[in-house]
Amino acid sequence: MRIQVSKRQRFEIFKRDEFACVYCGSHPPDALLEVDHVHPVADGGDNDPDNLVTACFACNRGKSDVLLSSVPQSLADKAEETAEREAQLRAYYEILQARKDRKDEELWSIADIYMERFGDDSILRARLASIRTFLDRLDYFEVVEAMELATRKMYSRAPAFRYFCGVCWRKIKGDGEQ
Ligand SMILES: [Zn+2]
């Protein structure tokens, strides 16, 4: 019976699940991640990506009948585990960085709408912080829409930004009522 999941496939599954255990949400460096067969191999489950999920060691072994932690670990295994932990942590940080880059890009594209409208090449730090808050709580397109509306309606900086904030807060409160 072939159950081995290659390192490459393992990291593809981790990446798809954003390096978090699907059962408890833990991630590196706190958790050592493994690939879990949703439909167990013993019952005919295979290595199809649909059958594989990211699980931390604790969640994955918790459902297994073999308690591996009771098996003494050889030095080679220990080195292997350390290498695996480091590889997982590196890949996880790459994902965090990519997520941050995407957020920054979104942030500046909205600030650009505002700056272009008033012919500015800078924006107040506090305003940037407000846009970031809205991006955390609304979809990117909702925030773009609010800024486009505000800069169309208002003819000077402060009222336009106030209007933009008002629209965003209304959207946030509206979402909360659903
Ligand atoms: Zn877990």
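Buried means under 20% relative accessible area, exposed means over 50%, and partly exposed lies in between (1.4 Å probe, protein chains only). The model is predicted: local features need pLDDT of at least 70, side-chain atom pairs count only at pLDDT 80 or more, and totals for chains, interfaces and linings use all residues. Residues are numbered from 1 along each chain as its sequence is written, and side-chain values use heavy atoms, with hydrogens and water left out.

**Exercise 1. Classify two cysteines, Cys56 and Cys24, by relative accessibility.**

Step 1. Take Cys56. Its relative accessibility is 6%, so Cys56 counts as buried.
Step 2. Take Cys24. Its value is 47%, so Cys24 counts as partly exposed.

**Exercise 2. Describe the site of the zinc ion.**

Step 1. Find the donors (N, O and S atoms within 2.8 Å of the metal, or 3.2 Å for Na, K and Ca; water is not among the atoms, so sites may look incomplete). The protein donors are the SG atoms of Cys21, Cys24, Cys56 and Cys59, lying 2.3 Å from the zinc ion.
Step 2. Check the geometry. Four donors count as tetrahedral if all angles lie between 85 and 135 degrees. Here the angles among the four donor atoms are 103 to 116°, and the site is tetrahedral.
Step 3. Read the spacing. Along the chain the donors follow C-x2-C-x31-C-x2-C.
Step 4. Cys24 is in the loop between α1 (7–16) and β1 (33–37), while Cys56 is in strand β2 (residues 52–56). They are 32 residues apart and link distant parts of the chain.

**Exercise 3. Is Asn60 buried or exposed, and which residues does Asn60 touch?**

Step 1. Locate Asn60. It sits in helix α2 (residues 57–62). Helices (H or I, at least four residues) and strands (E, at least two) are DSSP runs, numbered from the N terminus.
Step 2. Check accessibility. At 11%, Asn60 counts as buried.
Step 3. List contacts (heavy atoms within 4.5 Å). Leaving out residues up to four places away in sequence, Asn60 touches Glu34, Val35, Asp36 and Ala55.

**Exercise 4. Describe how helices α3 and α5 pack.**

Step 1. Take the angle. Helix α3 (residues 75–117) and helix α5 (residues 140–153) pack at about 5°, with axes 10 Å apart. That makes α3 roughly parallel to α5 (angles under 35 degrees).
Step 2. Name the partners. In α3 they are Glu106, Ser109, Ile110, Ile113, Tyr114 and Arg117; in α5 they are Tyr140, Val143, Val144, Met147, Glu148 and Thr151.

Methods: Axes fitted to C-alpha atoms, helices over the stretch in contact; angles between N-to-C directions. Parallel < 35°, antiparallel > 145°, perpendicular 65-115°, else oblique. Tetrahedral: all angles 85-135°; square planar, octahedral: opposite > 155°, others 65-115°.
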